[in-house]
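Hi there,

Here is the structure I promised to pass on.

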Amino acid sequence: MAYRNSFKQAVRDSKRLIVSIRQRSRQASTDLIHLRRESEGLKIAVLLCGLEEEKAALLRSRGVQSLLKGEDRRVTWVNFILGSTFGWLETHHGLGALAQGVDSSARLQESREGKVQYAVELGRQIRVITVSPGEPLPPGRWVNWESLTRAALELGERGLRGEELGDLNSIISTLQQEGHLLYYASIIRRAG
Amino acid sequence: MKPIQREKKLQVMSLYLLSFPYEEIVRTTGLSKGSVVAIIKEARAGALKVPGTTSDQFNDLRRLASELRTKGLDPSQAALGVLFFDRFQSLGVALEDIDRWANLVKDFRLDDITAERFYEAAMRLWELEEREGKPFEEIVSEYEEFSKKNTRLNEEVGLLEGRREELKLEVGNLGSDIKALKQEKKRLEDEKDALSSHVAHYAEIRDEVQELESKKITLEAEIGVKGEEVNRLKTIGFAEKHLSRLRSVLEKIGEKEGLSGEATNRKFFDSVDIFGDILEFENQRKAMKSELSSLHGEISTLKETKAGLEGAIKEAASTGSRVIAQAADQIRSQMAKAGSQLTKEIKSASKEVDTLFKVILNAGVEVGQMTEMAAKGDESREQLQKIIEDAKKRIGET
């Protein structure tokens, strides 16, 4: 009888344990599916983040150029020094302060010239350039920045819903096939 | 008259707004005073657009420039002050806190950095960012962000691997339990076999008792035959006292019959003629007596044996039969009960183990699905890592 009770108790404990294992496995599967979807979304986030960094680098380059040979360089330098000073006060870091000064100069330059348009080439290399009417574009298929980011965000949403986006080539191919991208015509020219 | 160029007009307006007197403007620009006055009127009327200002601000700007000049300040310094004022406001620094802020700036001032070195540092920063394709703080921020994501993913993978190991361990424990149950079942079956051999032994004892009972019946029949023979010998017995008794009987017969002793003796000896018959009869009587004595001893031995056997038989019959019967009944009953109970237990255990196996199977399916999801998650993570490296490489090449 004792053995029977012990056996029944062992079976009950085993069932409870296995049910617990099953529930935890189910929860883990759900978490893994969620993580996998987030990973698919992150693929698009990585691409957009890289493009944004390239765009920011272009903007800073323009800021430095405005410091060197832009119009009204005295105001530009004062703006740079002020930006660097406040950057130092905020970060207490030399490079961070200088970067903030350059950003400030770039923003001043942008406020002078108006909003800058950007184009992206999606190929073996991914390039970002500024465009403006009257300047020729380098050879290649250049995509409008806003249309590309809109299509990429839409694709990222599909990834979050569970669609497998594949590697970078697959993502670029999908964007080019279904993204409704706007390509610049060859007559559009870019700013220096 | 040659028209005055727009650049010249803007130079006149710039000097005017900087509160230079008309004579100074005439001397600087080389225009006549009338032309200078006409240009200023044109600007006030709105016909001449001065970038960055409107005509209704001319008086205020000229008066402001005059006051600055009185105080020995340059308009660019005033503009710098306005920028400072705006930036102070954006940082939430009140006017009364400006002195404290200035002291703070002095505290953090880099005395050993000249403007040239500052510019040189800026260029080096720019070159660094150009080479890397991103700003320093962005590199650090990106590295920290990816490190956090990587750490989080590693932690999650570690947790999942831990869960998988726990599940393996639990399945292993269940296998051990099942093994123990099988061993217990085998032990019970061994006990059942041992009980069966005991039952067979008790059956042998019962057969022996039945054999003893049949022997007892045979002995009782033999004792009955011997008793009849003893009774028959008693009826023909003859002893010596019977001879004296015979003489006295002869004398009495002689006296009674009136015979002499001789006649009586003759008659007696006549009777002796039949002595052989009588002797034979006597021998037969002795033999019969001896046989009777032997039979008595035998009878007594048989009686003792019979009594012993009867006691033994009775005891064996009463005790053994009862015990054996009881034991057999109990064993049979217990065996039947144990067999029924064991069968029931085994059926119940088998059913519970079947249910348990079904639950384990379902759990195994879930665990399998989880493992599959984990493998897909690993694949997705590796793909993401590859995309990060690929994107860095492709974007970095530009």
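**The sheet in chain A**

V120(A) has V128(A) as its bridge partner in β2(A). This is a predicted model, in which local features need pLDDT of at least 70, side-chain atom pairs count only at pLDDT 80 or more, and totals for chains, interfaces and linings use all residues. Residues are numbered from 1 along each chain as its sequence is written, while chains are lettered from A and ligands numbered from 1 in the order in which they are written.

Strand β1 (residues 117–122) of chain A pairs with β2(A) in the antiparallel sense over six bridges; strands are DSSP runs of E, at least two residues, and helices runs of H or I, at least four, numbered from the N terminus. Two strands pair if DSSP finds at least two bridges between them. In chain A, three strands make an open, antiparallel sheet in the order β2-β1-β3. Because β2 (126–131) and β3 (142–144) of chain A each have a single partner strand, they stand at the edges, with one side of each left without a neighbour in the sheet.

Helix α4 (residues 145–160) of chain A packs on this sheet and touches β1 and β3 of chain A (contact: C-beta atoms, placed from the backbone, within 7 Å).

**Chain B**

Chain B, by comparison, has eleven helices and zero strands. Of its 398 residues, 10% are buried (20 or more other C-beta atoms within 10 Å of the residue's own, with C-beta atoms placed from the backbone). Among chain B contacts between residues at least 6 apart in sequence, 66% join residues at least 24 apart.

Best wishes

Definitions and conventions:
A residue is buried if 20 or more other C-beta atoms lie within 10 Å of its own, exposed if 12 or fewer, and partly exposed in between; C-beta atoms are placed from the backbone. Two residues are in contact if their C-beta atoms, placed from the backbone, lie within 7 Å. Axes are lines fitted to C-alpha atoms, for helices over the stretch in contact, and angles run from 0 to 180 degrees between N-to-C directions.
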